[in-house]
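Thanks for coming. Please have the sequence and the structure open while I talk.

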Amino acid sequence: MSLKSGISCAMERVMNGRILIHTEDAELYLLLKHILTLEGFEAGNTSRSSELLGRVHQAPPLAVIIDCSGPDMDSSAVCAQIKAATTPQTKIVSLEQTADGNRGRSLAPSTVDCRLRRPFNPQRLLAFLRGLRADAAAPAGTKSAAILRYADIEMNLNRLRVERNGHPVLLSALQFRLMQCLMRAPDVVHTRDDLISAAWPPEAEVEPRTVDIHIGHIRRAMKREGADVIRTVRSVGYALYLPSR
């Protein structure tokens, strides 16, 4: 593919920005459509698996959002069929019930690219989709590599995305900056002052305890996909560490 063709395909993909929302819940669809439209995405709806697969096969979207609350839908099978009918650039987002819900079937982490539990924070969904749009906007061969890696963790600085064992790790912008500081020098013990300088603006007044709270959030997010990777050095600060390395 020529550079011109690559740019044309990428721009078509971005300008369309098509997101398919697979749900039988009309209110949920209208809410998601409103949120996505404000961000410049084009949202479409399917309610039957056959319709979803037909539209995905005909014109692969940027992403498919699947409402997993339907008790009779085999979400894992549908996701596998979507993966088979599209390229890796089409991502799957699952909307799942909370842990105490008694409806729907939870998807295996390997079948989806972003998992959200209801009630979900729309900003997390938008952050994920913005990353996809930014990635699609750059044709193959024109992106600058800005990736940090440590053990099974990969941090993409261009897309503001963190993955562990191939699964997305959802962090706030502030937590992303903290993790970036740790990833740039993983074997160094970073003091709380170091982390405050890296993640907060110079004029901010931040207590050391605030750093501990955010590191705790990062630790829990990382542990969902693997062993604890953050080492606490008492009275000093934090570093990355895995015993197997």
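This is a predicted model: local features need pLDDT of at least 70, side-chain atom pairs count only at pLDDT 80 or more; totals for chains, interfaces and linings use all residues.

Start with the loop. Thr-23 sits between strand S1, residues 18-22, and helix H2, residues 26-38. Is Thr-23 buried or exposed? Its relative accessibility is 5%, and buried means under 20%, so Thr-23 counts as buried. Leaving aside residues up to four places away in sequence, Thr-23 touches Leu-28, Tyr-29, Asn-45, Thr-46, Ser-47 and Asp-67. A polar atom of the Thr-23 side chain also lies 3.0 Å from the backbone nitrogen of Asp-25.

Asp-25 leads us to the helix. It caps the N-terminal end of H2, with a side-chain oxygen 3.1 Å from the backbone nitrogen of Glu-27.

Now H2 itself. Which of its residues are buried? They are Leu-28, Tyr-29, Leu-32, Ile-35 and Leu-36. These residues cover an arc of only 135° around the axis, so they lie on the same side of H2. On the other side, Ala-26, Glu-27, Leu-30 and Leu-38 are exposed. After H2 comes Gly-40, with a positive phi near 90°.

Last, the sheet. It is open, has 3 strands in the order S10-S12-S11, and its pairing is antiparallel. Strands S10 (190-191) and S11 (230-233) are at the edges; each has a single partner strand, so one side of each has no neighbour in the sheet. S11 and S12, residues 237-240, run antiparallel and are joined by 4 bridges. Arg-231 stands opposite Ala-239 in S12.

That is the end of my part.

Technical notes. Residues are numbered from 1 along each chain as its sequence is written. Side-chain values use heavy atoms; hydrogens and water are left out. Helices (H or I, at least four residues) and strands (E, at least two) are DSSP runs, numbered from the N terminus. Buried means under 20% relative accessible area, exposed over 50%, partly exposed in between (1.4 Å probe, protein chains only). A polar contact is a pair of N or O atoms within 3.5 Å; within protein, one must be able to donate a hydrogen and the other to accept it, and residues adjacent in sequence count only if both atoms are side-chain atoms. Contact means heavy atoms within 4.5 Å. Two strands pair if DSSP finds at least two bridges between them. The arc is that of the directions from the helix axis to the C-beta atoms.
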